[in-house]
Amino acid sequence: MKQWQYQLAKKGLFKMDAEEAHHLSMSMLRKAESTGVLKYLMGKAPKSPEVECMGLKFPNAVGLAAGLDKEGNTIDALGRLGFGFIEIGTITPLPQGGNDKPRLFRIIESEAIINRMGFNNCGIEEGVKNVQSAKTYKGLVGFNIGKNKLTPNDEAVSDYVKALRGCWGVADYVTVNISSPNTPGLRDLQAADDTARLIHALKEEQAVLTERTGVKMPIALKVAPDMGDEQIADLSKVFLDGGLDGLVATNTTIERAAVKGKAFSTQAGGLSGAPVTQRSTEVISAFHSHLGGKIPIIGVGGIMNAQDAKDKLAAGATLVQLYTGFIYHGPPLVHDILESLSNRR
Ligand SMILES: Cc1cc2nc3c(=O)[nH]c(=O)nc-3n(C[C@H](O)[C@H](O)[C@H](O)COP(=O)(O)O)c2cc1C
């Protein structure tokens with residue numbers, strides 16, 4: 001697909017309410033995939049090197065970040081766009097509706113999005129069925145898991161354990177999301193003691209399930225960009241002590257300085273896209289230096305072009321993921337990054 005083709009489609013989609021546009025484009029993608037149109041439109045993705053990460057072999061370094069395919073029902077179509085891995089979710093043990101609408105806003109002049117979706121999703125059981133019914137996709141699938149809104153924080157661990165069990169053997173890896181700003185109190189789980197307890201419980205369950213099934217499934221954890229050096233240092237120690245398998249950095253920010261005065265900038269929620277590019281890269285770099293390369297990092301946050309992806313890798317990420325850049329620049333961005341990585345040394 002050419003950039004002008006995507007920009008034409010975007011023109012129409014951006015005239016619609018953001019959430020309606022999202023549902024329409026996902027259903028158009030599924031239709032285009034099932035009829036063979038997408039295959040024709042996309043052509044072959046540029047060849048890009050395989051990457052080893054968390055003991056898994058990723059077909060390439062470019063993934064789709066969590067939140068776009070929350071239910072895992074568009075995997076074949078998204079895979080057709082060239083993504084080497086797709087992180088579905090956030091999925092919670094039970095289905096839930098998320099926050100009241102409107103809850104998704106574009107800040108077009110800043111190439112940004114604010115969302116406060118609140119983990120609207122179909123629940124782990126349905127998510128697993130959806131992933132199992134994917135037919136053509138050959139990349140890896142990560143399950144991004146969260147706790148249900150009604151589960152109090154002191155019972156959060158049991159929700160994460162339930163979700164881990166629920167997708168065991170179906171997911172290639174799991175990402176534990178404790179960094180969404182849109183579930184009240186969720187980010188409190190990023191306090192070192194709480195994170196340590198959560199990782200301990202999940203690693204214990206991982207060992208039990210591996211022993212029982214013979215299947216290995218790495219566990220990554222996703223962090224917010226809104227933390228200082230001290231918290232990054234403390235958490236790095238917790239991750240190393242707990243034997244975490246991977247880190248996804250970063251989620252959306254609650255900072256608004258970069259979009260001050262712009263329409264929708266005062267909406268509650270997480271800000272993503274160009275305004276988080278730099279901060280997210282700094283956080284990756286800080287974690288990388290504290291972790292000493294012992295825990296691989298999946299870099300995400302404001303990748304709007306191929307150079308941004310290279311910057312994340314140069315800062316210490318092993319893989320990258322996109323969300324907002326994909327909304328603004330479409331499938332051609334995936335190909336651009338893949339192509340630039342094939343020439344990378
Ligand atoms: C509309 C929207 C929904 C999102 N939902 C989730 C989610 O459910 N779970 C999650 O871990 N991250 C979620 N994210 C965060 C993205 O995965 C990503 O970490 C963040 O947006 C920064 O990357 P970006 O600037 O490329 O979008 C969401 C982002 C957006 C824009």
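**A serine and its surroundings**

Modeller: A polar atom in the side chain of Ser236 lies 2.7 Å from the backbone oxygen of Ile232. This is a polar contact, that is, a pair of N or O atoms within 3.5 Å; within protein, one atom must be able to donate a hydrogen and the other to accept it, and residues adjacent in sequence count only if both atoms are side-chain atoms. Ser236 belongs to helix α8, which covers residues 229–242. Helices (H or I, at least four residues) and strands (E, at least two) are DSSP runs, numbered from the N terminus. Ser236 counts as buried because its relative accessible area is 2%. Buried means under 20% relative accessible area, exposed means over 50%, and partly exposed lies in between (1.4 Å probe, protein chains only).

Before going further, please note that the model is predicted: local features need pLDDT of at least 70, side-chain atom pairs count only at pLDDT 80 or more, and totals for chains, interfaces and linings use all residues. Residues are numbered from 1 along each chain as its sequence is written, and side-chain values use heavy atoms, with hydrogens and water left out.

Two further helix residues can be described in the same terms. Ile75 is part of helix α4, residues 75–80, and is buried with a relative accessible area of 2%. Between Ile75 and Lys138 there are 63 residues of separation in sequence, yet the C-alpha to C-alpha distance is 9.8 Å. Val131 sits in helix α5, residues 124–132, and is also buried, at 11% relative accessible area. Its C-alpha atom is 9.7 Å from that of Phe143, 12 residues apart along the chain.

On a 1 Å grid over the protein atoms alone, a cavity is a set of points where a 1.4 Å probe fits but cannot get out, whereas a pocket is an open set with protein on both sides within 12 Å along at least five of seven lines; lining residues have an atom within 4 Å of a point. Grid points are joined across faces, edges and corners, and a volume is the space filled by probe spheres set on the points. The largest cavity has a volume of about 30 Å³. Val176, Leu198, Ile199, Leu202, Lys203, Ile219, Leu221 and Leu244 line the largest cavity. The lining has seven nonpolar, no polar and one charged residues.

The ligand has 23 residues around it, and Ala66, Thr90, Lys222, Gly302 and Thr324 come nearest; a residue is counted here if one of its heavy atoms lies within 4 Å of the molecule. Ligand oxygen atoms come 2.6 Å from an N or O atom in the side chain of Thr324, 2.7 Å from a polar backbone atom of Gly302 and 2.9 Å from an N or O atom in the side chain of Lys70.

Finally, the backbone deserves attention. Most residues other than glycine have a negative phi, and most peptide bonds are trans. Met54, however, has a positive phi of about 55° although it is not a glycine. Met54 lies in the loop between β1 (51–53) and β2 (56–58) and is buried, at 13% relative accessible area. Glu111 has a positive phi near 50°, and is partly exposed, with a relative accessible area of 25%. A cis peptide bond, with omega about -5°, joins Lys101 and Pro102, and Pro102 is in the loop between β4 (85–91) and β5 (104–107).

Key. Nonpolar A, V, L, I, M, F, W, Y, C, P; charged D, E, K, R; others polar.
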